[in-house]
Amino acid sequence: MLPCLDEAEALPWVLARIPDGWRAVVVDNGSSDGSPDVASALGATVVHEPRRGFGAACHAGLLAAEAEYVCFCDCDASLDPAELVPYVREVASGAADLVLGRRRPQGAGAWPLHARAGNLALARMLRRRTGLRLHDLGPLRATRREALLGLGLTDRRSGYPLQMVVRAADAGWRVAEREVPYRPRTGKSKVTGTWRGTWQAVHDMRRVLAEPPVAARTSVTAR
């Protein structure tokens, strides 16, 4: 799943890095730069989600997916979707239920200071809430589709990625973290490109952390 808002410039590189045999689902969230046409021309399945919000786009992609295993990746060329191959293998083997990419900046401008600070603060709050000793809440991740749907995610804004991890922890999932190169993005960030955007995301995620535990409707694969 590739949530997309005005990423026409980055799409060719991102879609060229999709592993062979995988289905790329580009969820357009109201682009005005022709992103849907670019994605379609490059062979991606395009889903339109008119409701603005990172979570809304991600969840629309999840609902449109049909595979047993699903992955999420930003559509701005900062992360390489080819890195997801071992993540899926780890989930398929039963070694983990959810695998996240821990971003390692590559080059100047890859991860602005304010975005790192917000991410660090959230990781610490997540540890207090769930006990998970994660360092990053980045967008590169892999899991099983049906199990993820069973978590009943409700956030449709910036809190979606965090809610996924919190509810996974509450459901007893094994959550793993693997390092991944993080490059300077193509174009301007819609969320963490400014202090205001970053702290709006932090606000959304603080709300998620304040939610009481919710029982998952579907369990993960039996051990």
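Analyst: What follows starts with helix H5 and then turns to the rest of the protein.

This is a predicted model, in which local features need pLDDT of at least 70, side-chain atom pairs count only at pLDDT 80 or more, and totals for chains, interfaces and linings use all residues. Residues are numbered from 1 along each chain as its sequence is written, and side-chain values use heavy atoms, leaving out hydrogens and water.

Helix H5 covers residues 113-130, which makes 18 residues. Helices here are DSSP runs of H or I with at least four residues, strands are runs of E with at least two, and both are numbered from the N terminus. The expected span of a helix is 1.5 Å times one less than its number of residues. For H5 this gives 26 Å, and its end C-alpha atoms are 26 Å apart, so the two values agree. Just after H5, Gly131 has a positive phi of about 90 degrees.

Which residues of H5 are buried? They are His114, Ala115, Gly118, Asn119, Leu122, Ala123, Met125 and Leu126. Buried means under 20% relative accessible area, exposed means over 50%, and partly exposed lies in between (1.4 Å probe, protein chains only).

Arg129 also belongs to helix H5, and with a relative accessible area of 22% Arg129 is partly exposed. Setting aside neighbours within four places in sequence, Arg129 is in contact (heavy atoms within 4.5 Å) with Val166, Asp170, Leu209, Glu211, Pro212 and Pro213. With one of these residues, Asp170, the side chain of Arg129 makes a side-chain polar contact of 2.8 Å. A polar contact is a pair of N or O atoms within 3.5 Å; within protein, one must be able to donate a hydrogen and the other to accept it, and residues adjacent in sequence count only if both atoms are side-chain atoms. Arg129 and Ala210 are 81 residues apart along the chain, and their C-alpha atoms are separated by 8.7 Å.

Now to the whole protein, which has eight helices and seven strands. Of its 223 residues, 53% are buried. Among contacts with a separation of 6 or more, 76% are between residues 24 or more positions apart.

Helix H3 (residues 54-64) is mostly covered, with eight of its 11 residues buried. These are Gly55, Ala56, Ala57, Cys58, His59, Ala60, Gly61 and Leu62. The cover over the buried residues of H3 includes strands S1 (2-4), S2, S3 (45-48) and S4, together with helices H6 (145-150) and H7 (160-170).

There are 12 salt bridges in the whole structure. A salt bridge is a side-chain nitrogen of Lys or Arg within 4 Å of a carboxyl oxygen of Asp or Glu. One of them joins the side chains of Asp80 and Arg17 at 2.7 Å, N to O. Asp80 sits in the loop between strand S4 (69-72) and helix H4 (85-93), Arg17 in the loop between helix H1 (11-16) and strand S2 (25-28), and the two are 63 residues apart. Asp80 is buried, at 4% relative accessibility, while Arg17 is partly exposed, at 35%.

Another salt bridge pairs Glu90 with Arg178 at 2.5 Å, N to O. Glu90 lies in helix H4 and Arg178 in strand S7 (residues 175-182), so this pair ties together parts that are 88 residues apart in sequence. Glu90 is buried, at 15% relative accessibility, and Arg178 is partly exposed, at 36%.

Strand S7 also holds Glu179, whose partner Arg104 is in strand S5 (residues 98-105), 75 residues apart. The salt bridge between Arg104 and Glu179 is 3.1 Å, N to O. Arg104 is partly exposed, at 32% relative accessibility, and Glu179 is exposed, at 52%. Elsewhere, salt bridges that share partners join Glu7, Asp76 and Arg185 into one network.

The last topic is cysteine. The structure has zero disulfides, a disulfide being a pair of cysteine sulfur atoms within 2.5 Å. Cys71 is in no disulfide, and the nearest cysteine sulfur, that of Cys73, is 9.0 Å away. Cys73 is in no disulfide either, with the sulfur of Cys75 nearest at 7.7 Å. Cys71 is buried, at 10% relative accessibility, and so is Cys73, at 3%.
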